[in-house]
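Dear colleague,

I am handing over the structure we spoke about, and below it I have set out what was found. Please read the notes with the structure open beside them.

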Amino acid sequence: MISHGNEGDSAPVYILAVETSCDETSAAVIRDGREILSNVVSSQVETHKRFGGVVPEVASRKHVESITWILEEALTQAEVQPQQLAAVAVTQGPGLVGSLLVGVVAAKAFACALDLPLIGVHHIAGHIYANELVHKLEYPFMALVVSGGHTELVHVESEGSFRIIGQTRDDAVGEAYDKVGRALKLPYPGGPHIDRLAHEATEAVTLPRAWLEPDSYDFSFSGLKSAVLAVLNQANMKGQPLAPEAVARGFQDSVIDVLVEKAIRAVRKFGAKQLLLAGGVAANKGLRTALETRCRHEGVPLLAPPLSLCTDNAAMIGAAAFLKYRRGQFAALDMKAEPQLKLEAWSV
């Protein structure tokens, strides 16, 4: 095993990381797996807003346009020369295949040109280990992953050892937020707008909670989305439109109740020392507040990254890559982008 860069007098380990799994083009330089020297992110939200969601072909073209200057900017901001790098890391999956390919090809070219080891990283491992950039992790811990494409409870028994104990059976949380946002005629992405409206609301429309089987840690949000549409349609047919704030509050309360309850139950069942929040929806103020309150009551430390590290970024990929770097687990230059890459299989 390669020694940790902060131990003894060993030279610092600089990893150049690349993230292009969806609609953010990002590159970062991370020192010793924990310190962010640069984290450059170019978002495509404005581009995709007019389509009401991410268009894969448009996303991959935008990555092609941005990737070169993003890589240059990351090295410039970090004040690190290419020859000082120890490895190149890149999101291998999951994600949109066209978007993933742009990052994978760029990282391979960089690694090949400089004769550097290549590290393929699982996108969700990145979201989880974004927390290590700002917190000290204690094992075993439970991670609640909430993003546009993922809703999972992940038990991490030891460093880099992942076991999914619960996941969504249909829509991910972020996906449900976007669909409800469209129904409420809110701009894309819907999540931040629903969160804001929910905080402004003085009342909430009553909506169902999908608890599933008594012992299940899985989630389901498609029924809740359908319930929102039904409530809106009934109100419109009666000529009594509902206040968007009340619908947003009812929807968000339902989502948060289920996420918080199942996460806390999992923490208790598996003896986790910490609960980690991870993924783009981790920026949701309502969810953060509810989890903080409940974790304080339960005596469970809640760890969450700052908002800048919740959404897709390359710094989190560099943090997760360090797990593989320390163990010398490098990828071959024929590594493929894998849109359906499994988290448990990526474990170190």
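Tyr-129 is buried, its relative accessible area being 0%, and Phe-141 likewise counts as buried at 0%; please keep in mind throughout that this is a predicted model. These two residues form an edge-to-face aromatic pair, with 6.5 Å from centre to centre and 65° between the planes. Because Tyr-129 lies in helix H4 (residues 123-129) and Phe-141 in strand E6, the pair ties together parts that are 12 residues apart in sequence. Both belong to one aromatic cluster, which also includes Tyr-139, Phe-162 and Trp-346.

A stacked pair is formed by Phe-322 and Tyr-325, at 6.1 Å centre to centre and with 15° between the planes. They are 3 residues apart in helix H10 (residues 314-326), so about one helical turn separates them. Phe-322 is buried at 4% relative accessible area, and Tyr-325 is buried at 11%. In total, the structure holds 9 aromatic pairs.

Turning to the sheet, 5 strands form an open arrangement in the order E8-E7-E6-E9-E10, with mixed pairing. Its edge strands are E8 (162-167) and E10 (302-303), each of which pairs on one side only. Strand E9 (residues 274-278) runs parallel to E10 and is joined to it by 2 bridges, and Leu-276 has Leu-303 in E10 as its bridge partner. Helix H9 (residues 285-298) packs on this sheet, touching E6 (141-146), E9 and E10, and its direction makes about 180° with that of E9.

Finally, Lys-262 lies over the face of Phe-219, at 5.9 Å from the ring centre, and Lys-269 lies over the face of Phe-270, also at 5.9 Å from the ring centre.

Notes. Residues numbered from 1 in each chain as written. Predicted model: local features only at pLDDT ≥ 70, side-chain atom pairs only at ≥ 80, totals over all residues. Heavy atoms only, no water. Pairing = 2+ DSSP bridges. Helix = DSSP H or I, 4+ residues; strand = E, 2+ residues; numbered from the N terminus. Contact = heavy atoms within 4.5 Å. Axes fitted to C-alpha atoms, helices over the stretch in contact; angles between N-to-C directions. Phe/Tyr/Trp six-rings, centres within 6.5 Å; stacked < 30°, edge-to-face > 60°. Buried < 20%, exposed > 50% of the residue type's maximum accessible area, 1.4 Å probe, protein only. Lys NZ or Arg CZ within 6 Å of the ring centre and 35° of its normal.
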